[in-house]
Amino acid sequence: MTDPTMCVSRRDFARFSLAASAAMLVGGKTARAAAPTGEPIRIGVLHSLSGTMAISETTLKDVILMLVDLQNKKGGVGGRPLEAVVVDPASNWPLYTEKARQLLAVDKVAAVFGCWTSVSRKAVLPVFEELNGILFYPVQYEGQECSRNVFYMGAAPNQQAIPAVDYLLGEDGGSARRFALIGTDYVYPRTTNQILQAYLKQKGIADADVMVSYMPFGQSDWQTTVSQIKAFGSAGKKTAVISTINGDANVPFYKELGAQGIAATDIPVMAFSVGEEELAGMDTKPLVGQLAAWNYFESIDTPANKAFINAWHTFTKSPKRVTNDPMEAHYIGFNLWVQAVEKTGTTDHDKVIAAMVGLKQPNLTGGIAEVLPNHHITKPVYIGEIQDDGQFNVVWQTPQEIPAQAWSPYVPETRNLTGDWRAPISCGNYDTAKKACLGTRHA
Amino acid sequence: MRDIRWRLALATIILTASGYMAVSPVQAQTDTPSAIQRQADQPAAPAPVVAVTPAPDAYSGLASTHFDVIAASIAQIGSQETPQAHDTLKALASHHLFAGNDGHALYIHDGDGWRDVRTGIPASPDPNQVHPVRVNNRVRLALAEVQAGQALVTGTPAQRLAAASRLAEHPDPALLLLVDHALDTSHDAALDATLKRAKAAIILSPGAPVSNPATLLAAVASLRAQGGLTSRAVLAGFAGNETAPTQARDAARHAMASIDRREKIWALGQQAFYGLSLGSVLLLVAMGLAITFGVMGVINMAHGELVMLGAYTTYLVQKGVLAVAPGLSGFTLVLAAPAAFVVCSAIGVLIERSLIRFLYGRPLETLLATWGLSLIIQQAVRSVFGSTNVAVSTPGWLSGAFQLGGMTITMNRLAIMLFAAAVMVALMLVLRRTALGLEMRAVTQNRRMATLMGIRTARVDALTFALGSGVAGLAGVAVSQIDNVSPNLGQGYIIDSFLVVVFGGVGNLWGTLAAAMTLGIGGKTLEPLLGAVSGKILLLVLVIVFIQRCPRGMFPLRGRGIES
Amino acid sequence: MTAGFGFRNVPRIACMVVIVAGFLSLGSLLPDSNPLSVSPFIVTLVGKYLAYAMLAVAVDLVWGFAGILTLGHAAFFALGGYAMGMYLTREIGTRGVYGNPDLPDFMVFLSWKSLPWYWWGSNHILMAIVLVFLVPGILAGLFGWLAFRSRVSGVYLSIVTQALTYALMLAFFQNGLGFGGNNGLTDFKDILGFDLHSQTTRATMLVFSALLLAGTMIGARWLVSGRFGRLLIAVRDAESRTRFLGYRPEQVKLLVWVVSAMIAALGGALYVIQVGIINPGEFAPANSIESVIWVAVGGRGTICGAVIGAVLVNFGKTLLTAWLPEAWLYGLGLLFILTTLFLPEGLMGLGHQVMRRRAEVTPEVTQTEGDAES
């Protein structure tokens, strides 16, 4: 436990075994902020601190610890201090299941902030539904899901992908007429590309002008793909790449792009998973002008964002740590949860879930995030160009916040689906044509 | 006469490049520069009191928030032959140009402080009332176009050549007259050829003035002879242009087919290059293992972590050089290589002395112990450097690529190939030409006999492990140039390295080389045919089957000690 | 291999496993207020450990008794898991998010129109059970037949098994393969009509797993203790000599190898039922290496050691990932290093040492030769 500000409780493993109790004696003490009194409210932090996903998720754990710290300095929630329970699911999806169960059943946390990959969310979903927990999920994702027990704080495809394509099709984006959709082979790129292909068709782009290619996780040799993109771009039409490449494969991809001399003015690359954190590991000079679509950028100059960045630098004791979109999503989610608990005066899961819909929280970059009946939120969309200092320069933004669509209208099977967890419907996948709830419905 | 002609050309740029022209006052363009000139001549004179609503001029477009307006303004400014215009565009290119929030004021903010763009006199704007001039790809493109146009007319010979090649790749019909003018005045064969290429591309690109069929055919023939993907792109665009003469379009289609045929042949060479470069990376990461595992029989699962530590050493050296002697930053890799070797060798000795030496004769236990060690090293690096990537930059001389016929040779990959070859040669020399190498080979072939001959096997073991670890560190330096530098770096290479060593034949460097290249070229050949994943799976299956046929790899090492 | 401390006690430990599991199951059915009540969290956790223990027994069988160091046994474990996962996926029926009665959600989302042929019959539990044993069995048979016939051994074999599981992992990551890609199979609802999330089902599954594990332990002991067992040890310690004596070592090895793969697959099937998710991550070579480490910690070639090692290491992992989320890898790493350095024969060896270390004579030559080949 390197960080003294962390309030990690020792869990009640009393019934576990002798070994457990022995180890408990070795465990540390609980650090608490002085101001609030009363029994602490526990919240769970379910982010990988080791393994392949540690690279992205460690920061999110730190953000929650910072938010807890700040909240406790403000007097906690309803006079009670907050206590973060941190566990390490080690980038292992079954371990996510185990840890989720532990947080809910053993630690009895009021809410869990966690997960990054879709598979980790899918792995813990049955646990949250069985034990009626609350999960705040901070990452943009493929949509096509709407659970009563999950609050989706990241963007749905219509809050990221569609506006990004609109920008590329427009004059400011270079009027692209040919698209290479490059992604890692998992469910987020597959769904996003499926939606984009339908959307591009609707916009009059022929099938021959769309190239789709999937690469394995952690792909580190992009020579062939980049040269394929180059060849694809030599058909006499303005070409753009839409990248859904996952986290750590991005660095070698961009390094190869730079090495093969593909400039953003020739073939722009629009990425959905590349943020400030990923750029921090790269020399961005050859990448100037490459694009990313997010709902937050660190470079957006608002007082709230400035304060957040300052707090982050103070908390991490490093002025170099960057902030990114999923961090803001946690900020929004955390504050929404605090609001809900203060409004209902309890941490009771059913009451908090019911109170969430309709709550509003100002974004760090301006505008308001409102919790929708489908447990997603409204978000502004920004498109940024990579600058040589590793930050993004916002070149386009939506005039107002866009409400999330959990189910995509561009996927035939889900065209009629909608999620509404308010009283009469109370269903995550409600078929508006059949007027029926598919799957299970919460009583 | 000549002068008039290119001024005319520049005027054409404005007319074609800006839809904004329709609404912007044209007269400002001729009046303002001279006015600015007069003011600039009298710097002592106090600045005139700012009018309530300043009249918009060519520059005010830059203060707009709309990219189309900014781009148009750049085109307009580019046509002005004044130092102000030049400075302004230069400042824009280097992020030093700021605009007032009133949509009119413009300042340059650089090492000399703030000064007004229009008057050139120092200013002190309220920092809250200005913003950097907005830039996006569209603006950058307009800027590059204008700068290419300017370079073509007024640049040094090298700049003119660069501008001409840029034009050949990004044909811009607005610059046709400029190209003609440059062709008239060119006295340089290389420039001439490039300009002709550029002209051919421009004639065929959309929006070019209508040419007669003979000119078009000549242009098509020129591009066909030129070949390459950019020529193909222009031809494809022309072939799809339905207003062009059919004959020329047919010729373009034929030219495309011809280029495609040539590209296909070049693509083979390109693939071979990709394969060799992938093979070199595999060779580099596997060579260290070929020593520790192949020669000593230690299944070092922490090998990947040693590669990772090499990459982190590169990061530290780079950071150190930047802090101490920024002038040397281009040479950090040259310094990082020996540093990584030394650091990793030292760690290697430490590992050998504290852990592995207790496990000789129990090779499978070393697997377990080093696996534990790899977890510890990973977590230690995570604790010290954080779990996110660290940035290792690529020096200028290693970035970019050059064309070799129809092939793109990327500098970093080429360097890695040469580096791998150098390390291979050095290792060979150590093994074949030094006393240590002799002892090492003796110990490999028959440990008991070597001991009896008076070789201090313990010392040889430590040095061998140090050598293998040091080579892993060198691989880390190379890998830092193409991959993430993160605590997970090693995990991505460990399986491949073991496979290379086993496939090649344990204890045989030539086998390692052959295996790395086979896997590299095989992988890169299968990738376009089957896709990256299926290609890799097929390759793995082939290796598995191969090892079933030849259980000791491609080049089994013969020796008494080896046969059990 | 003489009958060691752990080996002799197989029946005793097997009984203990069943008793503890039964005790925990009953405890979990008691109301919360009862002092003997056991949290359902513990039940799922122990269920998972037992599935891992099954994998450890499989690894011990080939490594401890046949001298084949496998770095790819997780592949069989995962294949068994997928076979069971297919059945559980079909059991979801119309309760998936798209409500499609025939196709699993991930196929609907990939716009597939019908089930691929290899999903045929997966809605029957019998078919699932057949597949659990058949698929890994055939794969192991094929692989082993090729490998042992051409006398691939030692480190070569280890690396090749690793390549095998790695290739399978890459294959299963592909969405096009029809097993859910990276997400794998999850969100199961029922097994044989019983709600997977109910306490009774969980408790029953735990007892069932314990019984199967106990049976496997005793079966494994029986397999390696008779005449066949002696032959196996002979092959492990001096393969060439055994061959010269007229035996066919490759056949002996192949049999153990296939049986071991099937045991691993059974572990995988139990794992999926109790953990509720199977995905390509289970094929990761790191998982295979970990399973070898469980055996090493417990004690190689003792069967009981494998079970105890698997349970202890995973129990430690559960505790440490919760208590020291940022430092637990240090602990795990150190455990492996210290075990190999100071407990070459694992915890069972420690027990053995305490019992009667001095009485035993270990022939030096056999030791060396065995190591050169293993």
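Domain bounds here come from an automatic or database domain assignment. For chain A, that assignment gives two domains. Domain 1 covers 18–155 + 302–379, and domain 2 covers 158–300 + 382–403. This is a predicted model, in which local features need pLDDT of at least 70, side-chain atom pairs count only at pLDDT 80 or more, and totals for chains, interfaces and linings use all residues. Residues are numbered from 1 along each chain as its sequence is written.

Start with the layout. The C-alpha centres of domain 1 and domain 2 of chain A lie 29 Å apart. Across the interface, 31 residues of domain 1 are in contact with 21 residues of domain 2 (contact means heavy atoms within 4.5 Å).

Next, the area. About 2400 Å² is buried between the two domains of chain A, and carbon and sulfur atoms give 55% of this. Buried area is the accessible area (1.4 Å probe) that two parts lose on being put together, summed over both. Gln140(A), Glu142(A) and Lys379(A) supply 24% of what domain 1 buries against domain 2, more than any other three residues.

What holds polar atoms together here? The rule finds 14 residue pairs in polar contact across the interface, both at pLDDT 80 or more. A polar contact is a pair of N or O atoms within 3.5 Å; within protein, one must be able to donate a hydrogen and the other to accept it, and residues adjacent in sequence count only if both atoms are side-chain atoms.

Finally, the domain 1 side that touches domain 2 of chain A. Its residues divide into 10 nonpolar, 16 polar and five charged. Ala, Val, Leu, Ile, Met, Phe, Trp, Tyr, Cys and Pro count as nonpolar, Asp, Glu, Lys and Arg as charged, and the others, Gly among them, as polar.

How values were computed: Chains lettered and ligands numbered in written order. Heavy atoms only, no water.
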